[in-house]
Amino acid sequence: MLDWLEHHGVREVLLLCGFLAERVREHVGDRHGNIQLSYVVEPEPLDTAGPLRLALDQGLLAERFFVLNGDILTDLDLAALERRHRERSAKATIALVEVADARSYGSVPIDERGAVEAFLEKMDDPPTNLVNGGVYLLERTTVASAIAAGRPVSFEREVFPGLVGKGLYGVAADCYWIDIGTLDRYLEATRDLLARRPRPPLAVAPGNDPLIAAGARVEGSVSAGSVIGAGCVVATGARVERAVLFDGVRVEAGAAVVDSVSAEGAAIGEGAEVGPGAIVGAGARVAAGARVGAGARVEPGAVVAASPDGSAPAASAATGTAGQ
């Protein structure tokens, strides 16, 4: 997302953080390329809009600014969105994206001028397939008037419904867009990047799949559609298929890692299996011969051990020592 913002000329980004805020700051830092990064940490959960009011009260908001959900991947044209916002003298503008099935999203019908007619919750028969894309352009005065201070406030349930008919507009965007808030969609987005579906700067440079970062050491079978981080070791005879390995992951001989994510420093032992939809946390260890079942979650630093009789139990929602 920061690469995308830099590509559109953004030079200052404010990260509104709550859960694991310090981990985010440690990882991202105070600068990304030409972008200066600052942070606002909510003292308690304030929903989707409440942290923005906190930033306003701390004097950190510009006159006009973008607000972005942190769990989307898109190549949307931000300059075009700002142009439409200014032309309409809007108080708030929402980027809308068309999805094949809007029933699992809130739909946002607009009139011929782009004015939002309603901000609807999920329903079985939505009036439009245009949904909230999680990219907004707001005026500082709108935050001051529409977001109450000192309590949780939701854009979706309170702010935007309250602005219908009062300067709220939507722009139907022709762009690549995906919500990466689930593992399945995260993996789908990874494959889209490898297939170069999004436009620059998100597009991966042409080359041979899989994408192998500089410094990675790969031995064995790594199939197309996998992303291998720096310093990874995939031993001879191991199998990695349509998976994401963060930096420093080790996959030992005979192990199989399929349709899953392994975080930094994870170790997958000899002959072990990591099944589809699984997530292996940072520094976790899957012992030789152990099995992490489909959809399982292995907490950071946990250990998944094989059964004493030699069978391989499936870890599920693992915490501490998993697979026992």
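How many residues of the lining of the second largest pocket are nonpolar, polar and charged? The lining divides into 8 nonpolar, no polar and 6 charged residues; here Ala, Val, Leu, Ile, Met, Phe, Trp, Tyr, Cys and Pro count as nonpolar, Asp, Glu, Lys and Arg as charged, and the others, Gly among them, as polar.

The model is predicted: local features need pLDDT of at least 70, side-chain atom pairs count only at pLDDT 80 or more, and totals for chains, interfaces and linings use all residues. Residues are numbered from 1 along each chain as its sequence is written, and side-chain values use heavy atoms, without hydrogens and water.

Select Glu98, Val99, Trp177, Ile178 and Asp179, which are the closest to the pocket's centre among its 14 lining residues. A pocket is an open set of points on a 1 Å grid over the protein atoms alone where a 1.4 Å probe fits, with protein on both sides within 12 Å along at least five of seven lines; lining residues have an atom within 4 Å of a point.

**Second stop: the core.** Next, select Trp4, Leu5, Val13, Leu37, Leu76 and Val135, which have the most contacts inside the largest nonpolar core, of 28 residues. Such a core is a set of buried Ala, Val, Leu, Ile, Met, Phe, Trp, Tyr and Cys residues joined through side-chain atoms within 4.5 Å, where buried means under 20% relative accessible area (1.4 Å probe, protein chains only). Apart from this core lies another, of 26 residues, including Val222 and Ile268.

Leaving aside neighbours within four places in sequence, Val135 is in contact (heavy atoms within 4.5 Å) with residues including Trp4, Leu76 and Ile94.

Definitions and conventions: Buried < 20%, exposed > 50% of the residue type's maximum accessible area, 1.4 Å probe, protein only.
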